Amino acid sequence: MSDKVYIFDTTLRDGEQSPGATMNRSEKINMARQLEKLGVDIIEAGFPASSQGDFEAVQAIAKSVDRIQVAGLCRAVKSDIDRAWEAVKEAKNPRIHTFIATSDIHMKHKFNKEPAEILEMARKAVRHAASLTPNVEFSAEDASRSRWDFLAEIVEAAIEEGATTINIPDTVGYAQPAEFGELIRYLIKNVSNSSKAIFSVHCHNDLGLAVANTLEAIRAGARQAEVTLSGIGERAGNAAFEEVIMALHTRKDFYEIDTSVDTQQLFPSCRRLASTIGQPISPYKAIVGANAFAHESGIHQDGMLKNRQTYEIMTPESIGKKGTSIVIGKHSGRNALGSKLREMGYDLSEEQIADVFEAVKALADKKEDIYDEDVEALVLEVAYRIHDLYKVKALSVFSGTMGVSPHAAVVLEDFRGGEENPVEIKEVGFGEGPINAVFSTINKLVERDPKLELYSVNAVTGGADAQGAVTVHITEDGFKSIGRGSDEDIIVASAKAYINAINRLERMKQEKKNA
């Protein structure tokens, strides 16, 4: 039994399925490169058969990373497997990850098939995947609610057909730690060819036990853990990457397990994800939350002053949380910015660096100190933006208690005729408040009337001059779109986020029309 656990990150697949966590292709590539820097062994880049956009994103990630394995998820269906292989085959180390449900409730109600039929489907799927690559993972969906004897039978068959990794998911977060660990021991003991495969676990957090179940499975012999940054994912999420890793790292005396993860990249990775999806890290989040290393109690503070180990079992530095860092100002040069961007893990072209540099200079005229978080927000705003159909050029807003209704004047650049010939369009409109006035005016300009499902604003850094980061969710005609924007003026940030959502909405509708 190996003393190393392989880390399989599914932030870009399962994580992105969580509400509000959608990323465009450039953002996914950026996150994939950060995951490689973090030291993960396998990235699950997406579900290529689910859409053309997902296929193209997985394919682009496969071409963009170096040593890391890139997996494409697929159902136990030949067409899905072929599509997954087409997407990942150019990776230096591609993997096909195929799955089928094995619980009685799924076999009966989802497939309307007998166990023998599911077994044969699994055999055919793994056999076909193994004909394309020797790196095949088989997952038994809803394994924790499956009959153990049937689960052992299908796992043995999958290994016979060429699967080299066997994943045992707790798909609905139903299992209890002792029970789940016993299941892993049972399979390793009773599957006759278990020594020919690495056993993996993928735990959901519906009962708050995803990390506990993952750690118990590792104690029982699992040697691959499927995790997501900050635990994002379907419903209540997945096992949190940083929690699993720091448990193994902090209690190495107990687990006696190694990983390839650079723990000092944990906080930067979670922060990068939070910035990208517009969902701030909860201050109470274990390991990476703002309060994780804060001490309010006088007794605790006294102990900390005498010896940090009295109340800290790990250090902020061990996860890459080095405190606030002023990175650049108005007198800093482009080379200094380029060096800082590379240090932060961004691989940008000279043109992108130039664009970010101009944005940094503009921000430096309004904000005294510019921090890592500010630079990240500008990178997402400027370098990783999808091709804009509309862009905010100027706006003016009036709001107050003087008896005049809130109203906004908005000027947009319309690029529908091409990047070289933008058309300036302008409008004035009223609303229930300043933000509503801006959104209503934009709707008139673009001739859309989407429903606003969510609006949130968060400070990028501390301080009165902090940038505001705004996230909006809109829906129209069955399409859902998420927009993000940042600016030192939250009304401008709101307008940028709303236009970003409109641009994404237009792109989705056009892709649907062309499909």
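Strand 11 and strand 12 (residues 407-414) run antiparallel and are joined by 8 bridges; two strands count as paired if DSSP finds at least two bridges between them. Helices (H or I, at least four residues) and strands (E, at least two) are DSSP runs, numbered from the N terminus. Within this pairing, valine 392 has leucine 412 of strand 12 as its bridge partner.

This is a predicted model, in which local features need pLDDT of at least 70 and side-chain atom pairs count only at pLDDT 80 or more, while totals for chains, interfaces and linings use all residues. Residues are numbered from 1 along each chain as its sequence is written, and side-chain values use heavy atoms, with hydrogens and water left out.

The open sheet consists of 3 strands in the order 11-12-13, with antiparallel pairing. Strand 11 (390-398) and strand 13 (423-430) are its edge strands, each pairing on one side only. From one strand to the next, the twist averages 15°.

Axes are lines fitted to C-alpha atoms, for helices over the stretch in contact, and angles run from 0 to 180 degrees between N-to-C directions.

| Helix | Lies across | Angle |
|---|---|---|
| Helix 16 (residues 434-446) | strand 11, strand 12 and strand 13 | about 135° to strand 13 |
| Helix 17 (residues 490-514) | strand 11 and strand 12 | about 145° to strand 11 |

Glutamine 264 is in the loop between helix 10 (252-255) and helix 11 (266-277). Glutamine 264 counts as partly exposed because its relative accessibility is 41% (buried is under 20% relative accessible area, exposed over 50%, partly exposed in between; 1.4 Å probe, protein chains only). Leaving aside residues up to four places away in sequence, glutamine 264 touches Glu317, Ser318, Ile319 and Gly320.

Note on methods:
Contact means heavy atoms within 4.5 Å.
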